[in-house]
Amino acid sequence: MEHPENSKEYKGLTVNAGIEQPSTINPYLKRSRYKRQELSVADMVEGIVKGNVTILSQAVTLIESVNPSHQQKAQEVIEKCLPYSGNSVRIGISGVPGAGKSTSIDEFGVHVLDRFGGKLAVLAIDPSSERSKGSILGDKTRMEKLALRKESFIRPSPSAGSLGGVARKTRETIILCEAAGYDKIFVETVGVGQSETACHSMVDFFLLIQLAGTGDELQGIKRGIMEIADGIIINKCDGNNVEKCQMAATSFRNALHFFPAPDSGWQPKVLCYSGFYGTGVKEVWDMVYEYIDFVKHNGYFDYRRNEQSKYWMYETINEQLRSNFYNNPDIQSHLLSSEQAVLGGMKTSFAAAKDLLDMYFKTDTPT
């Protein structure tokens, strides 16, 4: 490069060209050596059964992929892992945003590993943005103690706007984690509503985290979510909030008496604890394992597992039918025109839907 300082008007001043800087990339680096090896189904299953966390993570990524070839491979891996699954205790943990779920799971996980040993997998469903379709996937950063334990596996998954799909994928991930030797599974969901129903359909014990002192206590007593809870725990029972938590617990206990008795025969309990200070955590897990012993003794544990398997068979059929319908070329070509006909007032929504379904099933409507 020619420097202007070397021109005649600047006599006595010379600027050297300098030394050419070496490339930041090591010339001796063999790129092929670092290329990720494509594992076969057999290799993947063998790695999962041996407890290889890297291969387990790759298999979970396959499950979450929308690529048809990835989905086919994932199903083969799940099928071969199925004989090694089913030997865990599955706990669903839910509550409104800000209830302290991640902090509580951090305390719960450390307590369970220290007290009972074994391995723990945490599957956190992170809601995706409706606008950007992205997820923060930051649950692991709040589980500082658990993230350092080699016996734990924390996997946040984006909802990607499809609750049913994520719920099915979460259930499939549970199978892989059990095959990898994780005998305790936590499934965390956010909010109260449909996601809780999906979570309840894949766990043995559903734990609902509530808060006190946030306004009208009746807001926490919702029939749908309360009916599926096997245990209710009130977080942040510390400092000046202890009395409010105890009052809230009394309100919840009274409300539970108005609901029908659960099929399990278990009467849900209401406990107070502090996830931040770790107080009352032992009592929570005494309740959880008391429930597990109770339902295993009366046969409800196996009955519930069987009902869940049947439920997910029908859910998978519904999901596949829906996907096949919208990916059908004939449907795709007529969908927009049917939509315009509805918006233009030429057809009702029900008539347009019926015409599309008739086209899909290739059946003629009777005249």
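I started with a pair of side chains: Lys50 and Glu46 meet in a salt bridge, 3.0 Å from N to O. I take a salt bridge to be a side-chain nitrogen of Lys or Arg within 4 Å of a carboxyl oxygen of Asp or Glu. Lys50 counts as exposed at 65% relative accessibility, and Glu46 as partly exposed at 42%. My cut-offs here are under 20% relative accessible area for buried, over 50% for exposed and in between for partly exposed (1.4 Å probe, protein chains only).

A note on what I am reading: this is a predicted model, where local features need pLDDT of at least 70, side-chain atom pairs count only at pLDDT 80 or more, and totals for chains, interfaces and linings use all residues. Residues are numbered from 1 along each chain as its sequence is written, and side-chain values use heavy atoms, with hydrogens and water left out.

How many salt bridges does the structure hold? I found 16. One of them joins Asp230 and Arg304, with the closest N and O atoms 3.4 Å apart. Asp230 lies in the loop between α9 (223-228) and β6, and Arg304 in helix α12 (residues 300-326), so this pair ties together parts that are 74 residues apart in sequence. Helices (H or I, at least four residues) and strands (E, at least two) are DSSP runs, numbered from the N terminus. Are Asp230 and Arg304 buried or exposed? Both are buried.

Next I looked at Asp355 and Lys347, whose side chains meet in a salt bridge of 2.7 Å, N to O. Asp355 is partly exposed at 33% relative accessible area, and Lys347 is partly exposed at 32%. I also noted a network: Asp114, Arg149 and Glu151 are joined by salt bridges that share partners.

I then turned to helix α4 (residues 101-116) and helix α11 (residues 281-298), whose axes come within 10 Å and cross at roughly 70°. Axes are lines fitted to C-alpha atoms, for helices over the stretch in contact, with angles from 0 to 180 degrees between N-to-C directions. The two helices are therefore roughly perpendicular (65 to 115 degrees). Among the residues in contact (heavy atoms within 4.5 Å) are Phe108 and His111 of α4 and Trp285 and Tyr289 of α11.

Most residues other than glycine have a negative phi. Lys236 is not a glycine, yet its phi is positive, about 65°. I found Lys236 in the loop between β6 (231-234) and α10 (242-256). Lys236 is partly exposed, with a relative accessible area of 37%.

Notes: Parallel < 35°, antiparallel > 145°, perpendicular 65-115°, else oblique.
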